[in-house]
Amino acid sequence: MYSYTQEQLDSIKKVEATRAERLKNLHARMTAEEKDAVLHEFHPDYIEGAYETLKVGPNKGDKVLHELADLLQGKSRLDAKKIDLKNPDYDVDVLVIGGGGAGSSAAITAHGNGANVMIVTKLRIGDANSMMAEGGIQAADKPNDSPAQHYLDAFGGGHFAAKPCLLEKLVKEAPDAIRWLSDLGVMFDKQADGEMVTTHGGGTSRKRMHACKDYSGAEIMRTLRDEVLNRGIPVVDFTAAIEIIKDSEGKAAGAVLQNMETGEILVAKAKTVIIATGGAGRLHYQGFPTSNHYGATADGLVLAYRAGAKLLYADTLQYHPTGAAEPTQIYGALVTEKVRSLGAQLVNKNGEAFVYSLETRDVTASTIIRECKGRGNGVKTTDGEGVWLDTPMIDIIGGEGTIEKRIPAMMRMFGKYGIDIRKDPILIYPTLHYQNGGIDIDADGQTTMVENLYVAGEAVGGIHGRNRLMGNSLLDIIVFGRNAGKYASEKCKNVKVGKLTLSHVKDFNNELKAAGVNTGKVSPQLLPSYKRGDM
Ligand code: MEZ
């Protein structure tokens, strides 16, 4: 149980005192100049000291965060000379690395296309960030909306940096992604007449967020996992990919695997390989807490980079504005943006609203950091500081019962610690949520530099540009998962795999030696490290 401190209770009184007035006058939107200013001064992406220049590999000369540089330029987990590539343990058409939403969608689609497909996952199928997504999935499928409007919102929200061919695919295929999920059995929230309930997210000009209350990812992942298992797609769980295998022509041709429990090394040969390993929140960049799943350690980026694939926008991360800041047991856990979609305002220790609730995430997170670090308006918490998210506004705006009906998981998460979010506001602070950048792909999902190597989901860079809007990630795992599954399974019909080789691993090691780089890290990391002193 958590009891607010006296200082927090005094601050709550101020939040309550301004509520009626704030309900009448919602905070004004920021100008483009104001947004730029707050981003440059307070967004963690702009802290130069947190970055370093890569000395080897396809992105040599580019800046990435220290934690990622250590892994991208880390030492391989294997001694390439000792691996027997002549007698593979598995020989498949399509090898999918990762058992979250993107990997599952890819496998289902490749299987539907007649391919012999196999999933390997270092945890269990469904044990992934997809399962933890809360607020919803975007799709422009209402009469007042269009993929073009969806494109404009996402392109602007991502600072006009998204790769146009990827974003176009994302928005155009969104309505079909919702239909596909619905047909598979996802129970989206619906009105009595069967129409799907949709809400706004930060930066959306139309209500296009489809949701399953506030456990949208769990419902979607439940359905995808069932479909993978019902189809009998082989899943090798507790088994990590630790290196991509290439063939004599330099094309991707499988992966070296390692059993997470026994350490046994296995070889999977494949005609095409799909990386769907998700994000990197568990690297706790710049010491941030995270909303991410335990397995989010940037493994796919390391595998692809060592195999010669280029990364795009690997320097940009998303800090979700509202991670739980109190109680300490849930520090960093996601408080869905839907809480703000339904009307809750962000308020400082004096009871003042300081930002329009649905600015884009990077801007909103920066204003919260400014309130705490720049203006001295944060509320003291067990782990640092936070601001209020005034949740009781939701039932005032939407009517009694709205919180219970629309965001029951939030009510339960705080209720476990004795906080009733219908009565009291909650304390939040930005939490590391998403990797905006990743591996560079073309519209067919194939990496731009390594043939037969495909990518889907959060490991992709460029779909969202330099900032992502709410609900476009659950969408991209479906659209680009299916896309990679489709193209990888079609491609493999014409692939003749040459002699398997790990010579690129040796070459990369030699490059590291020549550049005098020794980060002291072995990669991919596979699991986060919470040893004392590591954080
Ligand atoms: O897309 C997301 O990251 C998302 C829906 C998160 C949330 O706030 O619920």
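Predicted model: local features only at pLDDT ≥ 70, side-chain atom pairs only at ≥ 80, totals over all residues.
## Strand β11 and its neighbours

Strand β10 (residues 239–247) and β11 run antiparallel and are joined by seven bridges. Thr239 has Asn259 as its bridge partner in β11. Between the two strands of the β10 and β11 hairpin there are four residues, and in this hairpin Gly250 adopts a positive phi near 85 degrees.

Strand β11 also pairs with strand β12 (residues 265–275): five bridges join them, and the two run antiparallel. Here Gly254 stands opposite Lys269 in β12. The hairpin of β11 and β12 has five residues between its strands, and Gly263 in this hairpin has a positive phi near 80 degrees. Strand β11 itself, which spans residues 252–259, is mostly covered, with eight of its eight residues buried.

## The ligand shell

Twelve positions can be inspected around the ligand: Glu134, Gly135, Gly136, His320, Leu334, Thr336, Glu337, Arg361, His433, Arg468, Met470 and Gly471. Sorted by class, this shell comprises two nonpolar, six polar and four charged residues. Both domain 1 (6–30 + 318–432) and domain 2 (76–316 + 436–501) contribute at least three residues each to the shell.

## Polar contacts and cover of the ligand

A polar backbone atom of Gly135 is 2.7 Å from a ligand oxygen atom. At Gly471, a backbone N or O atom lies 2.8 Å from an oxygen atom of the ligand. For Arg361, the side chain provides the N or O atom, which is 2.8 Å from a ligand oxygen atom. On its own the ligand has 270 Å² of accessible area, of which the protein covers 97%.

## Cis peptide bonds

Most peptide bonds are trans. The bond from Glu326 to Pro327 is cis, and its omega is near 0 degrees. Pro327 belongs to the loop between β14 (317–324) and α11 (338–341).

Ser523 and Pro524 are likewise joined by a cis peptide bond, with omega about 0 degrees. The location of Pro524 is the segment after β23 (522–523).

Most residues other than glycine have a negative phi. Phe160 has a positive phi, near 60 degrees, although this residue is not a glycine. Phe160 is placed in the loop between α6 (147–157) and α7 (164–172). Is the residue buried or exposed? Phe160 counts as exposed because its relative accessibility is 61%, and the cut-off for exposed is over 50%.

Lys213 is another residue other than glycine with a positive phi, here about 45 degrees. Lys213 sits in the loop between β8 (209–210) and α9 (216–231). With a relative accessible area of 27%, Lys213 is partly exposed, a class that lies between the cut-offs of under 20% for buried and over 50% for exposed.

Methods. Residues numbered from 1 in each chain as written. Heavy atoms only, no water. Near = heavy atom within 4 Å. Polar contact = N/O pair within 3.5 Å; in protein donor to acceptor, adjacent residues only side chain to side chain. Areas by Shrake-Rupley, 256 points an atom, 1.4 Å probe, with all protein chains shown as cover. Nonpolar A, V, L, I, M, F, W, Y, C, P; charged D, E, K, R; others polar. Domains from an automatic or database assignment. Buried < 20%, exposed > 50% of the residue type's maximum accessible area, 1.4 Å probe, protein only. Pairing = 2+ DSSP bridges.
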